[in-house]
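Welcome, and thanks for taking a look at this one. Here is a short briefing to read alongside the coordinates.

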Amino acid sequence: MGSATVVVSGLAADTTTHKVNRPRINYAQGVLSTGAYSSYEWLLNGEPLQDGNDSTFIPAATGSYRVAVTDRFGCSDTSLAYPLTITA
């Protein structure tokens with residue numbers, strides 16, 4: 001499972017480790033969505049999507065979608081690819 005780790009410490013004896021879980025993409029009723037994070041960047045075939053900065057995204061094109069997220073601690077990770085075919 002993909003995760004990032006950040007170590008936050010104020011004193012040598014005060015250390016906390018935080019891991020962000022890799023985001024998962026869901027698709028229902030024409031909407032892509034992921035869990036709750038502080039920031040989002042939706043990608044189509046590896047390229048950032050205009051207005052793709054929310055927990056949901058309405059896809060208009062066929063391709064491979066991913067979402068890069070950052071949590072409140074500043075840890076980031078990117079979802080696995082979600083292949084999607086849009087039909088008329």
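Two strands are said to pair if DSSP finds at least two bridges between them. With that in hand, please keep in mind that this is a predicted model.

- Strands in the order 3-4-7 form an open sheet with antiparallel pairing.
- Strand 3 (26-28) and strand 7 (56-57) each have a single partner strand and stand at the edges, so one side of each lacks a neighbour in the sheet.
- Strand 3 runs antiparallel to strand 4 (residues 31-33), and three bridges join the two.
- Which residue of strand 4 is the bridge partner of alanine 28? That partner is valine 31.

**The nonpolar core**
- Ten residues make up the largest nonpolar core: Ile25, Leu32, Tyr40, Trp42, Leu44, Phe57, Tyr65, Val67, Val69 and Leu84.
- Strand 5 (39-44) and strand 8 (63-70) each contribute at least two residues to this core.
- In soluble globular proteins, nonpolar side chains tend to be buried together.
- Leaving aside residues up to four places away in sequence, tyrosine 65 touches a list of residues including Ile25, Leu32, Leu44, Phe57 and Leu84.
- Other contacts of tyrosine 65 include Leu43, Leu49, Pro59, Ala60, Leu80, Ala81 and Tyr82.

**Glycine 46 and its loop**
- Glycine 46 sits in the loop between strand 5 and strand 6 (47-48).
- Is glycine 46 buried or exposed? Its relative accessibility is 51%, and exposed means over 50%, so glycine 46 counts as exposed.
- Arginine 66 lies 20 residues from glycine 46 in sequence, with a C-alpha to C-alpha distance of 7.5 Å in space.

Technical notes:
Residues are numbered from 1 along each chain as its sequence is written. This is a predicted model: local features need pLDDT of at least 70, side-chain atom pairs count only at pLDDT 80 or more; totals for chains, interfaces and linings use all residues. Side-chain values use heavy atoms; hydrogens and water are left out. A nonpolar core is a set of buried Ala, Val, Leu, Ile, Met, Phe, Trp, Tyr and Cys residues joined through side-chain atoms within 4.5 Å. Buried means under 20% relative accessible area, exposed over 50%, partly exposed in between (1.4 Å probe, protein chains only). Helices (H or I, at least four residues) and strands (E, at least two) are DSSP runs, numbered from the N terminus. Contact means heavy atoms within 4.5 Å.
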